[in-house]
Amino acid sequence: TGLAKEETEESDAQAEYDKITQENKVAKTAKDQDVKYKTAESKALDKTAAELTSDRETLNTELSAVNEYYAKIKDRCIAKPETYETRKARRDAEIKGLKEALTVLEQETAFVQRKRTG
C-alpha cells in the first residue's frame, strides 16, 4: 500500500505538473500573440503620429502665410483715423486750390465781359 500510495502521489504530481506546463504554454502563446499585436499597433500609431505631425507642420506653415497676408490686407483695408495736422494740411491745400480756381474764374469772367463791352 505504501508503494501504491507513492505511485499515486507521483502520478498525481506528474498530472498536476503536466497540467501547469500546458497552462503555461497556452499563456505564453497568448502573451506572445499579444506582444505581436501590440507591436503592430505601436508601429501603426507611430506612423499615424508622424503623419499627423507632418500635417500639423504643413498647416502651421499655411496659417503663417495666411496671417501674414491678412496683416498686409488689414493695413490696406482698415481705415486709420487721420491726425489733426494731416486733416488741417489737406484742408488748407484744398482751400488754396479753390481760391486759385476762383481767381482764375474771376479773371476769365472779367475778360469775357470786357470783350463783350468792347
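Trainee: Why is the contact between the side chains of aspartate 32 and lysine 28 called a salt bridge?

Mentor: The term asks for a side-chain nitrogen of Lys or Arg within 4 Å of a carboxyl oxygen of Asp or Glu. Here N to O comes to 3.1 Å, so the pair qualifies. Side chains of opposite charge can pair when their charged atoms come close. Keep in mind that this is a predicted model, where local features need pLDDT of at least 70 and side-chain atom pairs count only at pLDDT 80 or more, while totals for chains, interfaces and linings use all residues. Residues are numbered from 1 along each chain as its sequence is written, and side-chain values use heavy atoms, with hydrogens and water left out.

Trainee: How do you know how far apart aspartate 32 and lysine 28 are along the helix?

Mentor: Both belong to helix H1, residues 2-77, and four residues separate them, about one turn. Helices are DSSP runs of H or I with at least four residues, strands are E runs of at least two, and numbering goes from the N terminus.

Trainee: What makes lysine 28 buried or exposed?

Mentor: Buried means under 20% relative accessible area, exposed over 50%, and partly exposed in between, with a 1.4 Å probe and protein chains only. Lysine 28 has 52%, so the label is exposed. Aspartate 32 has 41%, so that one is partly exposed.

Trainee: How many salt bridges are there?

Mentor: Four. Among them is lysine 72 with glutamate 68, at 3.8 Å from N to O. Those two are four residues apart in helix H1, about one helical turn. Lysine 72 has 47% relative accessible area, so it is partly exposed, and glutamate 68, at 48%, is partly exposed too.

Trainee: What makes lysine 88 and aspartate 92 a salt bridge?

Mentor: Their closest N and O atoms are 3.2 Å apart, which is inside the cut-off, so the name applies. Both lie in helix H2, residues 84-117, four residues apart. With 39% for lysine 88 and 38% for aspartate 92, each is partly exposed.

Trainee: Which residues form the negative surface patch?

Mentor: Glu6, Glu7, Glu9, Glu10, Asp12, Glu16 and Glu23. A patch takes residues with over 30% relative accessible area and no salt bridge, joining like charges within 9 Å and nonpolar side chains (Val, Leu, Ile, Met, Phe, Trp, Tyr) within 5 Å. Asp and Glu count as negative, Lys and Arg as positive, and His and the chain ends are not counted. Glutamate 10, in helix H1, has 60% relative accessibility and counts as exposed.

Trainee: How do you know whether the chain is spread out or a compact globule?

Mentor: Start with its secondary structure, which is two helices and zero strands. The radius of gyration is 49 Å, well over the 13 Å that the globule rule gives for 118 residues, so the chain is more spread out than a compact globule. That radius is taken over C-alpha atoms, and the rule is 2.2 Å times the number of residues to the power 0.38. The C-alpha atoms fill a box of roughly 165 × 25 × 15 Å along the principal axes. Glycine 2 and serine 54, 52 residues apart in sequence, are 76 Å apart in space, C-alpha to C-alpha.

Trainee: What share of the residues is buried?

Mentor: Buried residues make up 0% of the 118.

Conventions: Areas by Shrake-Rupley, 256 points an atom, 1.4 Å probe, with all protein chains shown as cover. Charge placed at Lys NZ, Arg CZ, Asp CG, Glu CD.
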